[in-house]
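Here is a short report on one protein model. Keep the sequence and the structure in view as you read.

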Amino acid sequence: MTFDLEYNSKRSKLIIPEYGRHIQKLVNHCIALEDKEERNTMAKAIIDVMGNLQPHLRDVPDFKHKLWDQLHIMADFELDVDSPYETPSKEELQEAPDRLPYPKSASKYRFYGTNIQTMIDVALTWEEGEMKEALVFTIANHMKKCFLNWNKDTVDDNVIFNHLYELSDGRIDIRDIEEDLADSKSLLRKRSSQGQHKSHSKGKGSTNKYRKK
């Protein structure tokens with residue numbers, strides 16, 4: 001007795017592996033049907049089976065549309081049926097997506113985060129006066145705190161002022177200011193106290209210990 005074994009290495013590559021080879025064979029059989037009414041009936045049956053195999057798609061808006069698109073993709077866009085949705089094109093699927101621009105803060109001074117840049121942009125829209133000066137000084141203090149959270153125990157205020165000048169494209173210049181920012185030890189103490197507060201809030205049985213580096 002001989003067996004006609006079919007090895008995966010000899011099989012054609014699955015277009016959408018999530019549905020398995022049986023669904024792909026059904027799609028191929030549907031393409032081969034000569035009668036269009038039979039193809040329509042079988043295509044709808046395949047869509048129902050695909051929906052049962054991927055129940056999480058039911059939470060996706062217009063999931064039926066997604067299933068029909070996947071059916072045409074598995075058919076290599078050769079399935080001639082009356083789809084309730086517009087048939088996607090092969091060129092559209094193979095088209096390269098648009099390149100996403102990197103955030104402005106991603107290339108330099110990542111330790112400040114994107115919120116700092118947002119705060120600076122807002123400050124630039126304010127009119128000159130005491131309110132804007134207070135906001136700029138608050139931003140500088142927050143930048144110093146972010147810098148210390150990065151990996152330093154201390155930082156010179158001039159470094160923060162220079163970074164603020166650079167991040168604002170030279171529109172905020174407090175490099176000659178006589179007032180000092182918050183003391184580094186004070187900011188580090190606040191960071192430590194906030195960490196201890198979070199550890200105590202986890203539960204009464206928490207025994208986490210913090211050791212200052």
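## Gln24 in helix H1

Start with Gln24, which belongs to helix H1, residues 20-32. The model is a predicted one. Is Gln24 buried or exposed? Its relative accessibility is 8%, so Gln24 counts as buried. The cut-off for buried is under 20% relative accessible area.

Which residues does Gln24 touch, once neighbours within four places in sequence are left aside? They are Leu14, Ile15 and Met74.

## The whole fold

Now step back to the whole protein. It has eight helices and zero strands. Along the sequence the pattern reads α-α-α-α-α-α-α-α.

The protein has 213 residues, and 31% of them are buried.

## Gln54, between H2 and H3

Gln54 lies in a loop, between helix H2 (36-53) and H3. Its relative accessible area is 12%, so Gln54 is buried.

Leave aside the neighbours of Gln54 within four places in sequence, and its contacts are Glu18 and Tyr19. Look at Glu18 again. Gln54 and Glu18 are 36 residues apart along the chain. How many Å separate their C-alpha atoms? The value is 8.6 Å.

## The loop between H3 and H4

Asp76 sits in the loop that runs between helix H3 (63-74) and helix H4 (90-94). Asp76 is not a glycine, yet its phi is positive, at about 55 degrees. With 32% relative accessibility, Asp76 counts as partly exposed.

Phe77 is also in the loop between H3 and H4. Phe77 is not a glycine either, and its phi is positive, at about 60 degrees. What is the relative accessible area of Phe77? It is 23%, so Phe77 is partly exposed. Partly exposed covers the range between the cut-off for buried, under 20%, and the one for exposed, over 50%.

## Rings and a charge

Turn to the aromatic side chains. How many aromatic pairs are there? The count comes to four. One aromatic cluster is formed by Tyr109, Phe111, Tyr112 and Phe147.

Find Tyr165 and Arg175 in the model. The charged end of Arg175 sits over the ring of Tyr165. That charged end is 3.7 Å from the centre of the ring.

## The second largest pocket

Last, look at empty space. Rolling a probe the size of a water molecule over the atoms shows where such space is left. The second largest pocket holds about 220 Å³ of space.

Which residues line the second largest pocket? Among them are Glu128, Lys132, Glu133, Val136 and Phe137. The lining also includes Arg171, Ile172, Asp173 and Ile174. Ile177 and Glu179 belong to the lining too.

What kinds of residue make up this lining? Five are nonpolar and six are charged. No polar residues are found in the lining of the second largest pocket.

Technical notes
Residues are numbered from 1 along each chain as its sequence is written. This is a predicted model: local features need pLDDT of at least 70, side-chain atom pairs count only at pLDDT 80 or more; totals for chains, interfaces and linings use all residues. Side-chain values use heavy atoms; hydrogens and water are left out. Rings of Phe, Tyr and Trp (its six-membered ring) pair if their centres lie within 6.5 Å; planes under 30 degrees apart count as stacked, over 60 as edge-to-face and the rest as tilted. A charge sits over a ring if NZ of Lys or CZ of Arg is within 6 Å of the ring centre and within 35 degrees of the ring normal. On a 1 Å grid over the protein atoms alone, a cavity is a set of points where a 1.4 Å probe fits but cannot get out, and a pocket is an open set with protein on both sides within 12 Å along at least five of seven lines; lining residues have an atom within 4 Å of a point. Grid points are joined across faces, edges and corners, and a volume is the space filled by probe spheres set on the points. Ala, Val, Leu, Ile, Met, Phe, Trp, Tyr, Cys and Pro count as nonpolar, Asp, Glu, Lys and Arg as charged, and the others, Gly among them, as polar. Helices (H or I, at least four residues) and strands (E, at least two) are DSSP runs, numbered from the N terminus. Buried means under 20% relative accessible area, exposed over 50%, partly exposed in between (1.4 Å probe, protein chains only). Contact means heavy atoms within 4.5 Å.
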